[in-house]
Amino acid sequence: MNRVSRYLLKHFSELFSSLFFILFFITSVVFFIKLTAMTAIIKMNFLELGTLYIYLLPRTLIYTLPLTFFIALCITLFNLSKENETIVLFTLGYNPKKIAQLFLGLSSILSLVLILDIFVLIPISKQLNTNFLEYKKAEAKFNIKANEFGQKFSDWLVYIEHSDENKLYSGITLYQAPTAKEDEKLIVATNAVIDNEKGTLRLNLDQGKIFEFTKEDIQQTDFERMHINSRPKTPVGAIQTIQEYWNGVFTDQRRAYDLSFFLLIALFPIASTLIALSIGIVTYRYNKGGIYIAMFSTIAIYLTLTTLVSTWNPQSAPIIVFIATFLIAYQIYQKRIRAMF
């Protein structure tokens, strides 16, 4: 790598690191607000919120790194144009083609890292995040309070007369509404305790009666001890392999959309490099403004196309949007940069 390339990368890396910190902080705040909203349903301490935040880091990087790369490249080249340093570089023989090759190579490395993030880290982190939330939802069912109506355990409505700090309940009443397969049921018990084993809840009832209401009569059964199990909808600890997870794109429309959307975001650095050169390399005397409008318009158009085409046909969206964007970027680059410089 020659001295000019190192000079360009030095300016770019300084701006990239600053912008990445800002965008990463903003994105993190947005995700963290969403996480804290869950505390209205699930009780979590600061350490547990931090755990959930770590599970969201792979997604945070997918959103922040491509946008940071594009914005940093545009502004770096624009600042060099503003100081007439790009003219000096061209005079020394370092033409726009070499700049394009340098940053296309850098953007390809970044996109490769992001694609590995998509196929490896995101499936694992998403499943860990889902399992953690399911576990906390199951754990939240411990918070059955005395003398309150409308509380549920599995399919049963629960009412208790008294509870203590050790989660020991007394005066238990459970009611199950009639369904197409089961009759209406009522259970009363003297004492109860709830056990939690890796997210699987078990209500242990002592000294009670079961009343089953049919159309013909009422049946009563006495018991000394009874167990009612409750499982979360998604079994805690059931982690699919990466291959099994992404095989779901052929049957799950939402997962197909996610893969298409994430791939297009990961390919954005390559697709937008030539547009960034076209926006940043200018004759400052005649092109003083418009850089920010051009940057954010490019991002908005790309994200809009990514969303629409991924919704319409997620299987072919990455190829269609990426190739179309790169070809348009190449035409703009040929017209605005190669023809002028």
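## Basis of the model

The structure is a predicted model, in which local features need pLDDT of at least 70 and side-chain atom pairs count only at pLDDT 80 or more, while totals for chains, interfaces and linings use all residues. Residues are numbered from 1 along each chain as its sequence is written, and side-chain values use heavy atoms, with hydrogens and water left out.

## Overall composition

The chain contains nine helices and six strands. These elements are DSSP runs numbered from the N terminus, with helices (H or I) of at least four residues and strands (E) of at least two. Of the 341 residues in the chain, 41% are buried. A residue is called buried under 20% relative accessible area, exposed over 50% and partly exposed in between, with a 1.4 Å probe and protein chains only.

The accessible surface of the chain comes to about 19200 Å², and carbon and sulfur atoms account for 61% of it. Such areas come from the Shrake-Rupley method with a 1.4 Å probe, and for residues only the protein chains shown count as cover. Among contacts (heavy atoms within 4.5 Å) between residues at least 6 apart in sequence, 66% join residues at least 24 apart.

## Nonpolar cores

In soluble globular proteins, nonpolar side chains tend to be buried together. A nonpolar core is here a set of buried Ala, Val, Leu, Ile, Met, Phe, Trp, Tyr and Cys residues joined through side-chain atoms within 4.5 Å. The largest such core has 62 residues, and those with the most contacts inside it are Leu8, Phe70, Leu73, Ile99, Ile118, Leu277 and Met295. Helix H2 (residues 46–82) gives the most to this core, with twelve residues. A second, separate core has 18 residues, including Ile160, Ala189, Met226 and Ile228.

Leaving aside residues up to four places away in sequence, Phe70 touches Phe268, Ser272, Ile275, Ala276, Ile279, Met295, Thr298 and Ile299.

Leucine 114 lies in helix H4 (residues 96–140) and is buried, at 1% relative accessibility. Apart from residues up to four places away in sequence, Leu114 touches Leu61, Ile62, Leu65, Pro66 and Ala266. The C-alpha atoms of Leu114 and Leu65 are separated by 8.5 Å, although the two residues are 49 apart along the chain. Serine 111 also belongs to helix H4 and is likewise buried, with a relative accessible area of 1%. With the same exclusion of residues up to four places away, the contacts of Ser111 are Ala266, Leu267, Pro269 and Ile270.

Helix H9 (residues 317–338) has 22 residues, which should span 32 Å at 1.5 Å a residue; its end C-alpha atoms are 30 Å apart, in agreement with that value. The expected span is 1.5 Å times one less than the number of residues. The buried residues of H9 include Ala317, Pro318, Val321, Phe322, Thr325, Ala329, Tyr333 and Ile337.

## Salt bridges

A salt bridge is a side-chain nitrogen of Lys or Arg within 4 Å of a carboxyl oxygen of Asp or Glu. By this rule there are six salt bridges. In one of them, arginine 225 and aspartate 206 meet at 2.4 Å, N to O. Arg225 lies in strand S6 (residues 218–230) and Asp206 in strand S5 (residues 200–213), so the pair ties together parts that are 19 residues apart in sequence. Both partners are partly exposed, Arg225 at 47% and Asp206 at 23% relative accessible area.

Arginine 254 and aspartate 258 form another salt bridge, at 3.5 Å from N to O. The two residues lie four apart in helix H6 (residues 253–266), about one turn of the helix. Arg254 is exposed at 55% relative accessibility, whereas Asp258 is buried at 8%. Lys126 joins Arg254 and Asp258 in a network of salt bridges. In a further pair, glutamate 182 and lysine 185, the closest N and O atoms are 3.8 Å apart; Glu182 is partly exposed at 36%.

## A nonpolar surface patch

Phe21, Ile22, Phe25, Ile26, Val29, Val30 and Ile33 form a nonpolar patch on the surface, with about 690 Å² of accessible area together. Patches consist of residues with over 30% relative accessible area and no salt bridge, with like charges joined within 9 Å and nonpolar side chains (Val, Leu, Ile, Met, Phe, Trp, Tyr) within 5 Å.
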